[in-house]
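Colleague: I have a structure open and would like to go through it with you. Could you take my questions as they come?

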Amino acid sequence: TQWLLARVLRYDLMLLTIVMCLITVGFITLFSAGYSFPWRIEDQMRNIIVALTAMFIVSFVPIRWVRKVSVAAFAAGCLLLLATELVGVTVKGATRWLDIGVRIQPSEIMKLAVPMMLAWYYWKRAEQTVWWDHLLALAILSVPVAFILKQPDLGTAILVSIAGLAVIFFAGINAKLVTACCAIGIALMPLLWTMLHDYQRERILTLIDPTLDPLGKGFHTLQALIAIGSGGLSGKGWMEGTQAHLDFIPERTSDFIFAVFGEEFGFVGGVLLLILYLSLIARSFYIAAHARSRYARLLAAAIGVIFFTYSFVNIGMVSGILPVVGVPLPFMSYGGTALLILGICTGILLSISVDAKD
């Protein structure tokens, strides 16, 4: 008991406060967005309890123990992706879920399992890291990404790729190699365009001009922009958002919850929310900078990148500067698996911060 209490007292209180603020703001917004879906509000309360429980449990686990299960977590995630491919649940043409008594989305697990695996690999290589280690890391990363693209789930594949590439970058990859890879990626864009699904190409074209299909592919973006714009400087007030309550905003409790927040709390609320997310990201990198081991530094930095990517892609998507992809807003969007993974990520950061004070 004394050990647990001593560990709690060494928590990074700033990180914990930021996360609790985001969860509170998220639930308040979801309550308004989902008042006509009371079961979603009840489900989100359960999801929050589960995520917070997982966060605190993981925070009590020393980071060296987390390191020891990295390979097993990655292998289990890949097996779940394979099971999803073989016997997964198909919804709206996408096979992304696995029913094991409860419905889970294994691709969400890989957002954390991939950086854990790559951080373990670079920790294992220690100071012996050479150029081909980065190629092997890319090969490891390509396995889950290929499974996720097959589902198809481009948004999650991008997030998993960014989480993995963040570890490779922070592990010290040569700047010239990064430049070369970027140049190759740009050169391959015409080929990549031909490999996209029709709906993915339509999303990109709709991003350029949503009015091309205002009642179809452009509907989500246009309605979100109307909601955010109608919020004005200070917003219409909680529970007073007409776009949300009149069912104009699609997926308003999940991917487009920022549009509901923007309408009800306005520009001022949006700025304050962005400050919270920037503080979360900055604190993650602060914890990474003060971590005691290479594994902890790489994993904490990757988690910071995960928080940034989630926030940037979701808000950019809702604001019309990025294509519409299925990316939740951290700690705010409705969802079980994604919130659980974010809770575990926070628990890992708390554990790293505690270990750094020992």
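Colleague: Which residues touch the most other members of the largest nonpolar core?
Modeller: This is a predicted model. Its largest nonpolar core has 91 residues, and those touching the most other members are Leu280, Phe307, Phe331 and Ile348.

Colleague: Which helix gives the most to this core?
Modeller: Helix α15, residues 294-318, gives the most, with 15 residues. In soluble globular proteins, nonpolar side chains tend to be buried together.

Colleague: How many of the residues of α15 are buried?
Modeller: The count is 22 of 25, so α15 is largely enclosed by the rest of the structure. From its first C-alpha to its last, α15 reaches 36 Å, close to the 36 Å expected at 1.5 Å a residue.

Colleague: What comes just after α15?
Modeller: Gly320 does, and it takes a positive phi of about 85°.

Colleague: Back to Phe331, please. Where does Phe331 lie?
Modeller: Phe331 is in the loop between α15 and α16. Its relative accessible area is 4%, so it counts as buried. Its phi is near 65°, a positive value in a residue other than glycine.

Colleague: Which residues is Phe331 in contact with, leaving aside neighbours within four places in sequence?
Modeller: Among them are Val19, Leu22, Ile23 and Gly26, and also Leu280 and Phe307. The contacts also include Leu339, Leu342, Gly343 and Thr346.

Colleague: Val19 is on that list. Is Val19 buried or exposed?
Modeller: Val19 counts as buried because its relative accessibility is 0%. The residue is found in helix α2. Not counting residues up to four places away in sequence, Val19 touches Leu280, Phe331 and Thr346.

Colleague: How far apart are Val19 and Tyr277 in sequence and in space?
Modeller: Val19 and Tyr277 are separated by 258 residues in sequence, and by 9.1 Å in space, C-alpha to C-alpha. For another pair, Leu192 and Pro250 are 58 residues apart in sequence and 29 Å apart in space, again C-alpha to C-alpha. Leu192 is found in helix α10, residues 189-195, and counts as partly exposed at 43% relative accessibility.

Colleague: Which other residue has a positive phi, near 70°?
Modeller: Met239 has that value, and it is a residue other than glycine. Met239 is placed in the loop between α12 (219-230) and α13 (242-245). With a relative accessible area of 27%, Met239 is partly exposed.

Colleague: Now α3. How does its span agree with what it should be?
Modeller: Helix α3 has 22 residues, 38-59, and should span 32 Å at 1.5 Å a residue; its end C-alpha atoms are 32 Å apart, which agrees.

Colleague: And which residues of α3 are buried?
Modeller: They are Ile41, Gln44, Asn47, Ile48, Ala51, Leu52, Ala54, Met55, Val58 and Ser59. Seen down the axis of α3, these buried residues fall within an arc of 160°, so they line one face of the helix. On the other side of α3, Glu42, Ile49 and Ile57 are exposed.

Colleague: What covers that buried face?
Modeller: The cover over the buried residues of α3 includes α1 (2-9), α2 (13-33) and α16 (337-357).

Colleague: Changing topic, how many salt bridges does a search of the whole structure find?
Modeller: The search finds seven.

Colleague: What separates Asp43 and Arg46 along α3?
Modeller: They are three residues apart in the helix, so about one helical turn separates them. An α-helix has 3.6 residues a turn, so residues three or four places apart point the same way. Asp43 is partly exposed, with a relative accessible area of 21%, and Arg46 is also partly exposed, at 47%.

Colleague: What about Lys111: which residue does it form a salt bridge with?
Modeller: Its partner is Glu108, and the closest N and O atoms are 2.9 Å apart. Both lie in helix α6, residues 106-125, three residues apart, about one turn of the helix. Lys111 and Glu108 are both buried.

Colleague: And what does Arg125 form a salt bridge with?
Modeller: Arg125, which is in helix α6, forms a salt bridge with Asp133, the closest N and O atoms being 3.0 Å apart. Asp133 counts as buried, at 0% relative accessibility. Leaving aside neighbours within four places in sequence, Arg125 is in contact with Val130, Trp132 and Asp133.

Conventions. Residues are numbered from 1 along each chain as its sequence is written. This is a predicted model: local features need pLDDT of at least 70, side-chain atom pairs count only at pLDDT 80 or more; totals for chains, interfaces and linings use all residues. Side-chain values use heavy atoms; hydrogens and water are left out. Helices (H or I, at least four residues) and strands (E, at least two) are DSSP runs, numbered from the N terminus. The expected span of a helix is 1.5 Å times one less than its number of residues. Buried means under 20% relative accessible area, exposed over 50%, partly exposed in between (1.4 Å probe, protein chains only). The arc is that of the directions from the helix axis to the C-beta atoms. Contact means heavy atoms within 4.5 Å. A salt bridge is a side-chain nitrogen of Lys or Arg within 4 Å of a carboxyl oxygen of Asp or Glu. A nonpolar core is a set of buried Ala, Val, Leu, Ile, Met, Phe, Trp, Tyr and Cys residues joined through side-chain atoms within 4.5 Å.
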